Amino acid sequence: MPKTNTKNPNIYENVKRQFDKAADLMGLDPNIRKILAKPINEIRVNFPVKMDDGNVEMFSGYRVQHNNVLGPYKGGLRYHPKVDLDEVRALATWMTWKSAITNIPFGGAKGGVQIDPFKYSPSELERITRRFTFALRQYIGPEYDIPAPDVNTNSQIMAWMLDTYLSTIPPKERRCSIHIVTGKPIESGGSLGRDKATGQGVVFCIEEWAEENNFDLNGATYIIQGFGNVGSWAARLMKPHGAKLIACEDVTGAICNSEGIDPDELTVFVKEHGGVKGYHGCKEIDHETFLATKADIFIPAALENQITKETAPILNVKMVAEGANGPTNVDGDEILQKRGIHVIPDILCNSGGVIVSYFEWLQNKRCEYWELEEIDTKLHWKITGAYKRVHEKVEEYNTDWRTASYIVALSRLEKVYKERGIFP
Ligand code: NAD
């Protein structure tokens with residue numbers, strides 16, 4: 001396992017610092033600032049699950065609902081040993097900003113179970129998922145709070161959640177409730193293009209940046225941290241541009257090949273072997289060497305807090321496209337800015353996932369199935385629209401892209417709160 005930053009120096013503090021910077025700069029209404037500074041609901045459930053050996057284990061799961069003024073709470077569920085309330089608070093808050101930036105009618109939420117899913121058999125994981133869903137059932141709903149996949153969860157987990165949730169409601173309501181989760185398998189009501197959506201959104205953002213900066217992606221080099229859903233799709237979608245993946249790191253280790261690593265072949269290898277370590281034709285490198293690899297673009301697509309005051313000085317790239325949530329903390333950000341390394345921030349760059357989740361939700365509500373071309377076109381339109389709105393705020397406030405993204409989100413939320421007022 002690489003020596004990546006697996007500690008969690010309170011990412012919620014990081015979110016608060018990002019929020020304060022943007023709120024100060026734009027002069028956010030002080031009352032609305034108070035409302036947005038705290039999540040609306042924080043749910044913790046402890047639940048028992050019978051293991052394969054007949055013993056019972058207790059698990060802790062979380063769901064934080066940050067804000068729903070723009071629409072139902074929306075956000076993924078993560079299975080990871082590091083999941084705790086502060087992490088989920090931070091991730092839920094970012095979801096509110098993401099929906100607001102992209103102009104989709106959702107709020108922000110996030111959840112997770114504090115487990116190492118690789119320690120459990122598939123049938124244990126199924127029972128953990130079903131029991132967690134059962135424990136959460138009164139707090140979620142297709143028009144109220146809609147989970148989706150995140151780190152170590154996937155369409156199979158969503159299918160189990162869907163099935164469990166539907167079993168808890170009256171039969172007559174089941175057919176019209178399949179939008180309780182997004183990121184489902186296609187056959188169970190999922191959307192074409194949802195699996196690749198986040199990676200696709202990352203690549204659409206990189207294309208925008210390249211066009212604005214007259215940068216030729218053909219022959220450009222890039223490195224990726226995390227080769228799961230987001231990382232592997234981003235890499236596969238960079239390939240048609242002629243860009244070259246020269247180093248990749250995941251939980252098993254880091255590899256490099258200056259001649260280029262084929263993302264499609266690496267995806268097949270990772271599916272078979274569980275990680276990038278051992279992929280043919282590559283040299284194994286340590287974490288520091290991976291981060292110091294000279295390339296044009298870095299796509300962090302693993303976990304938070306990877307670009308910090310310790311690691312930002314050693315990066316050797318022109319641009320960072322944040323596929324992961326929170327890969328750069330505030331100290332790391334300041335160093336990247338001083339070094340002139342452009343950052344496309346997470347709440348913009350990885351918003352493709354929630355955008356296509358919205359499309360899935362709409363298709364379910366209307367009993368429709370859209371073609372992939374239609375989904376890709378709409379995703380492109382939504383995410384490039386958000387990109388342009390953020391760019392306008394960069395110019396207007398003469399600020400960095402993360403702060404500008406916050407200002408886009410906070411301005412929209414402020415407007416809605418002012419229009420609707422505060423009850424009573
Ligand atoms: P995933 O579980 O499919 O993949 C995670 C990847 O990160 C794996 O390759 C894993 O090996 C790697 N990884 C884990 N710990 C690591 C470590 N310590 N060092 C290096 N690599 C490590 O998860 P995902 O869905 O691809 O999510 C990745 C990131 O993208 C997360 O921050 C997630 O919140 C964010 N994100 C995901 C989506 C989505 O649609 N799945 C949407 C928006 C944002």
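Trainee: Is the crossing of H7 and H14 left-handed or right-handed? Please begin with this pair of helices and then describe the other parts in a connected way.

Mentor: The model is a predicted one. In it, H7 and H14 cross in a right-handed manner. Two packed helices are described by the angle between their axes and the distance between the axes. Helix H7 covers residues 197-212 and helix H14 covers residues 372-397; the angle at which they pack is about 50°, and their axes are 10 Å apart. Angles under 35 degrees count as roughly parallel and those of 65 to 115 as roughly perpendicular. H7 and H14 are therefore oblique to each other.

On the side of H7, the contact is made by Ala-197, Gln-200, Gly-201, Phe-204, Cys-205, Glu-207, Glu-208, Trp-209 and Glu-212. On the side of H14, the contact is made by Asp-376, Leu-379, His-380, Ile-383, Thr-384, Tyr-387, Lys-388 and His-391. Sorted by class, the contact of H7 with H14 has seven nonpolar, five polar and five charged residues.

As for Tyr-387, it is 90 residues from Ile-297 along the chain, and the C-alpha atoms of the two residues are separated by 18 Å.

Angles over 145 degrees count as roughly antiparallel. Ser-232, Ala-235 and Arg-236 of H8 meet Pro-263, Asp-264 and Thr-267 of H9. By class, the contact of H8 with H9 divides into two nonpolar, two polar and two charged residues.

A pair of aromatic rings is described by the distance of the centres and the angle of the planes. The structure holds 15 aromatic pairs. One of them joins Phe-269 and Tyr-279, whose rings are 5.3 Å apart from centre to centre, with 75° between the planes; the pair is edge-to-face. Phe-269 lies in helix H9, whereas Tyr-279 lies in the loop between H9 and strand E9 (283-285), so the pair ties together parts that are 10 residues apart in sequence. Phe-269 is buried, with a relative accessible area of 12%, and Tyr-279 counts as buried at 6% relative accessibility.

Phe-359 and Trp-370 supply a further example: their ring centres are 5.6 Å apart and their planes stand at 45°, so the pair is tilted. Phe-359 belongs to helix H13 (residues 352-366) and Trp-370 to the loop between H13 and H14, so this pair ties together parts that are 11 residues apart in sequence. Both Phe-359 and Trp-370 are buried. Together with Phe-106, Tyr-358 and Trp-361, they form one aromatic cluster.

Attention may now pass to the backbone. Asn-103 is found in the loop between helix H3 (85-101) and strand E4 (108-113). Although Asn-103 is not a glycine, it has a positive phi of about 60°. Its relative accessible area is 33%, and Asn-103 is partly exposed. Asn-152, in the loop between strand E5 (145-149) and helix H5 (155-167), is likewise not a glycine and has a positive phi of about 65°. At 30% relative accessibility, Asn-152 counts as partly exposed.

Helix H3 also packs with helix H1 (residues 11-26): their axes come within 7 Å and cross at roughly 35°. From H1, the contact is made by Ile-11, Tyr-12, Val-15, Gln-18 and Phe-19; from H3, by Asp-86, Glu-87, Arg-89, Ala-90, Thr-93, Trp-94 and Trp-97. By class, the contact of H1 with H3 has seven nonpolar, two polar and three charged residues.

One further backbone feature remains. Phe-423 and Pro-424 are joined by a cis peptide bond, with omega about 5°. Pro-424 lies in the segment after helix H15 (401-420).

Terms used. Residues are numbered from 1 along each chain as its sequence is written. This is a predicted model: local features need pLDDT of at least 70, side-chain atom pairs count only at pLDDT 80 or more; totals for chains, interfaces and linings use all residues. Side-chain values use heavy atoms; hydrogens and water are left out. Axes are lines fitted to C-alpha atoms, for helices over the stretch in contact, and angles run from 0 to 180 degrees between N-to-C directions. Helices (H or I, at least four residues) and strands (E, at least two) are DSSP runs, numbered from the N terminus. A crossing is left-handed if the near helix is turned anticlockwise from the far one by less than a right angle, and right-handed if clockwise. Contact means heavy atoms within 4.5 Å. Ala, Val, Leu, Ile, Met, Phe, Trp, Tyr, Cys and Pro count as nonpolar, Asp, Glu, Lys and Arg as charged, and the others, Gly among them, as polar. Rings of Phe, Tyr and Trp (its six-membered ring) pair if their centres lie within 6.5 Å; planes under 30 degrees apart count as stacked, over 60 as edge-to-face and the rest as tilted. Buried means under 20% relative accessible area, exposed over 50%, partly exposed in between (1.4 Å probe, protein chains only).
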